[in-house]
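Subject: The model you asked about

Hi,

Here is the structure, with the sequence alongside.

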Amino acid sequence: MNDPTISDPSTPPVTTANGSFGGGELTLRVIVLGLLLSVVMGAANVYVGLKAGMTVSASIPAAVMAMLLFRLLFRQSTVLEANQVQTCASAGESLAAGIIFTMPAMILIGYWQSFDFWTVSMVALTGGLLGILFMIPMRRVFVANNPELPFPEGVACAAVLNAGESGNDQHDAARGLIIGGIVGAMFKVAAGFLGIVQDSLQVAKTVGDRIFYFGGDLSPMLVAVGFIVRLHVAILIFIGGTLGWLIGIPLLGGASGYADPIDGAWTIWSSEIRYVGVGAMVVGGISSLFAVRSGLIAAVRELSQGLRGQTAVRAQSERDIPSGLILTLGIACTLMLAMLNYRFTGDLGVTILSTSVMLAMGFFFTAVASYIVGLVGNSNSPVSGMTITAVLAAGGLLWLFNYSGTQGMVATLGIAAVVCCVACTSGDVCNDLKTGSIVGAAPFRQQIMQIGGVGVAAFVMAPVLTLLHNNTPGGIGGEKLSAPQASLFASLARGFAGEGELPWNLIGVGAGVGIVILIIDEILKRRTKHRAHLMPIAVGMYLPFGLATPILIGGIIAKMCTRSTPRAEHDGVLHRGILFSSGVIAGEALTAVGLAGLAAFGITAMNLELSASVLITLTVAVAVAIVILFLIMTRPRLS
């Protein structure tokens, strides 16, 4: 049986040991630790997103880290303090996704030669703040008054916080996080610094004029991602990869044009297959918008009532940041956006159009992201599909108004960057507010911490991007850091601006595939408990196939942990494994950023120049060891 204080959305807020909502929430140690973890989580997720094409929520690992550090340093803390820390930390993490999916495209189109610190920081700051401000009037619509949304990650984070408050499993949680961090760091040092294992194992064979490919990246971080998103999403991503790489590439043929079949497979995917995924993602984005139409209308009604002063006086546990302050900050963000757009384009007409589109789409996608996070969780939110929709709409509008060339490309990417930051941040805010409502936090204090987290993390994005771009072989957009979303947005912007030709026939094929998948999903929805959600499949088609394989392995391991337990108990059973996986992700990602920092100071990677046979043997051995270690460390403890 579920604990009603955790899973029931109607449960009233509870008090903690201090007996109040506010007394133990915003202390100095909470603010300092929250801002620090916001920077750390933001930097880690920059690497994760550039490599894996997706990010994972930092709420649960940040909550555990906060409780452990408080117990270690101060011996006593409250659940409200830990909740405020994770609220701030996850705001920085979500902002990273918005930036890395879009800003690298400025490099890829040749507009920048290096990341402009102030531009990146201002895009992150304004987009993140707007995501928070737009979400506040929607809190009652999606969080307080919507029992149909389960908020799986918000409820799970609340369960972690409540378990920590009672002192349960603290030592095991700490050990899992630490061991995971060590594993992730050791692998990155071995692969990225010492060169004693390969980053991937792949094979391709030519049969007639067709190329058959299979491969997998060797990364415990990707296995951890698969464990966190679980088997269903992992299978859908793998299905997408299968459609693109194992079926699509052989069907297209053209093997005679390539001396190396592996290079041929990658070229065919890059120039053709991924645009099929684009078409499918566009259909997925449109279907997501249609699904939240009623919630959007309710959010607009709530905001208008707040601005007219028609909202009732509420208790502290239900109070948000005042509407007047929201309006003031919103106007400030709008002015900053206008200055950014004018700096990008130098044209007043483009500035007015771009700023208006940013605000309209930002508010619209806040409702979309909030609804989807409530439905499937923050880690599974299809931000890529939303941003693709924004790029297409922005590019189309600019094209209609006859803006093209570099001016059109930069304006399109600027709109996409802000909208993506808004969508990522608002979804995270919604998730954290749900957690806070369960543990008894004051919403307006959470909103203050979210603003603080965004304000600090915004100024970390550009330096981390610069470090990784300048000190990773191939830079951002290369094989090591493929930045798939940014590469896609750069291609779309070029096409709309007349600087390149988009393969509309392949995009159309992808749209047709997306419609077929939607029909299949509707049939499954009516007849079975299973679903064929379009966005994960489309993302799998668009991502390198090597990512889908370890993600599937992680999903299988998660399924093995829950195979004999009821679905309602899965969160508790997977808790130990999620903490270990979170440690792995943080360890590998932060080590990658650290190695890039060393390279910036002239400390380059040591290539031990092992023979090919020895290198492959070590790689296979490490791959097997990673799987075994995950099986051991994620196995639930017997009660």
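**Salt bridges**

Start with R343 and D116, whose side chains meet in a salt bridge, 3.5 Å from N to O. (A salt bridge here is a side-chain nitrogen of Lys or Arg within 4 Å of a carboxyl oxygen of Asp or Glu.) This pair links distant parts of the chain, 227 residues apart: R343 sits in helix α13 (residues 323–345), while D116 is in the loop between α5 (104–108) and α6 (117–135). Helices are DSSP runs of H or I with at least four residues, strands are runs of E with at least two, and both are numbered from the N terminus. D116 counts as partly exposed because its relative accessibility is 24%; the cut-offs are under 20% relative accessible area for buried, over 50% for exposed, and partly exposed in between, with a 1.4 Å probe and protein chains only.

Before going on, two notes on how to read all this. This is a predicted model, so local features need pLDDT of at least 70 and side-chain atom pairs count only at pLDDT 80 or more, whereas totals for chains, interfaces and linings use all residues. Residues are numbered from 1 along each chain as its sequence is written, and side-chain values use heavy atoms, with hydrogens and water left out.

How many salt bridges does a search of the whole structure find? The search gives 4. Another of them joins the side chains of R531 and D521, at 2.7 Å from N to O. D521 is buried, at 8% relative accessible area, whereas R531 is partly exposed at 26%.

Helix α20 also holds a pair of its own: R526 and E522 both lie there, 4 residues apart, about one turn of the helix. Their closest N and O atoms are 3.1 Å apart, which makes a salt bridge. R526 counts as exposed because its relative accessibility is 68%, and E522 is partly exposed at 32%.

**Inside the chain**

The chain has 24 helices and 2 strands, and 59% of its 639 residues count as buried. Its largest nonpolar core has 197 residues, and those with the most contacts inside it are V46, L50, I99, V120, M461 and L465. (A nonpolar core is a set of buried Ala, Val, Leu, Ile, Met, Phe, Trp, Tyr and Cys residues joined through side-chain atoms within 4.5 Å.) The largest share of this core, 19 residues, comes from helix α16 (residues 405–439).

What does L465 touch, not counting residues up to four places away in sequence? Its partners are V46, L50, I99, I100, P104, F115, V120 and I476. Contact means heavy atoms within 4.5 Å.

You'll find Q450 in helix α17 (residues 443–457), buried with a relative accessible area of 0%. Leaving out residues up to four places away in sequence, Q450 touches T87, A91, I132, V429, D432 and L433.

Then there is L502, in the loop between α19 (484–496) and α20. L502 counts as buried because its relative accessibility is 6%. Beyond neighbours within four places in sequence, L502 is in contact with Y275, S491, L492 and G495. The C-alpha atoms of L502 and S491 are separated by 7.5 Å, with the two residues 11 apart along the chain.

**On the surface**

L201, I616, V620, V624, I628 and I632 form a nonpolar surface patch with about 460 Å² of accessible area together. (Patches are made of residues with over 30% relative accessible area and no salt bridge: like charges are joined within 9 Å, nonpolar side chains (Val, Leu, Ile, Met, Phe, Trp, Tyr) within 5 Å. Accessible areas come from the Shrake-Rupley method with a 1.4 Å probe; for residues, only the protein chains shown count as cover.) Helix α24 (residues 612–633) gives the largest share of the patch, 5 residues, while L201 is found in strand β1 (residues 200–207).

**Confidence**

The mean pLDDT (the predictor's confidence in each residue, from 0 to 100) of the chain is 78, and 82% of its residues reach 70 or more.

Cheers
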